[in-house]
Amino acid sequence: MREIPVVIVGLMGAGKSTVGRLVADALGREARDSDADLQDRYGQTAAQMADTVGADVLHDRESQVLREALDRRPPLVIGAAASTVEDPAARDALTRAFVVFLDGPPELLAERMLSSGHRPHFLPDLERMLIEQRERRLPYFLEVADLTVDATRPPEELAAEVLAAFG
């Protein structure tokens, strides 16, 4: 097994947290999630930070949390906030990890988000927002990804594919 972090990237609703936990369990590693790390550090959810300090500060914080998690030892399995791929420093730091891009159609991801209630603050125009984010972030996801998987499949299948590729 390689001694580098595994980072799961993708849009909201792609299954980063779920797949990350499955991969971490199989590897015997700690799973970390950007949302939880942000809330632990700043005492606010990502949505609250977006409202109180703005999206730019939120995205800077998401990138910082990711870069710090990449330096932890033993290496982690990290579910990274989708915005991190837009930051050149985060993309550079991701070269030290095995990066998995969970790619799925925005329509499906919006449906998952609506049915889970995970991010209710994004309810208005959720599908359109995901389409715009995918268009803007897709080149970055593809740039950093060592593996791209189809997020329309069950999480257990995705985790098995990640584990097989990670070796």
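Me: Does Gln64 count as buried, partly exposed or exposed, and which value places it there?
Reply: In this predicted model, Gln64 lies in helix H4. Buried would require under 20% relative accessible area and exposed would require over 50%. Gln64 is therefore partly exposed, with a relative accessibility of 29%.

Me: How are H2 and H4 oriented to each other, roughly parallel or roughly perpendicular?
Reply: Helix H2, which spans residues 34-42, packs with helix H4, residues 55-70, and their axes are 10 Å apart. The angle of this packing is about 105°, and angles of 65 to 115 degrees fall into one class. H2 and H4 are therefore roughly perpendicular.

Me: How many charged residues does the contact of H2 with H4 have?
Reply: From H2, the contact is made by Asp37, Leu38, Arg41 and Tyr42, while H4 brings Leu58, Arg61, Glu62, Gln64, Val65 and Glu68. By class, there are 4 nonpolar residues and 1 polar residue in this contact, and the number of charged residues is 5.

Me: Within what arc do the buried residues of H2 fall?
Reply: The buried residues in H2 are Ser34, Asp35, Asp37 and Leu38, and what covers them includes strand S2, helix H3, H4 and strand S3. Seen down the axis of H2, these buried residues line one face of the helix, because they fall within an arc of 165°.

Me: Which residue follows H2, with a positive phi?
Reply: At the start of H2, a side-chain oxygen of Asp33 comes to within 3.0 Å of the backbone nitrogen of Asp35. After H2 comes a residue whose phi is positive, near 70°, and this residue is Gly43.

Conventions
Residues numbered from 1 in each chain as written. Predicted model: local features only at pLDDT ≥ 70, side-chain atom pairs only at ≥ 80, totals over all residues. Heavy atoms only, no water. Axes fitted to C-alpha atoms, helices over the stretch in contact; angles between N-to-C directions. Helix = DSSP H or I, 4+ residues; strand = E, 2+ residues; numbered from the N terminus. Parallel < 35°, antiparallel > 145°, perpendicular 65-115°, else oblique. Contact = heavy atoms within 4.5 Å. Nonpolar A, V, L, I, M, F, W, Y, C, P; charged D, E, K, R; others polar. Buried < 20%, exposed > 50% of the residue type's maximum accessible area, 1.4 Å probe, protein only. Arc of directions from axis to C-beta. Polar contact = N/O pair within 3.5 Å; in protein donor to acceptor, adjacent residues only side chain to side chain.
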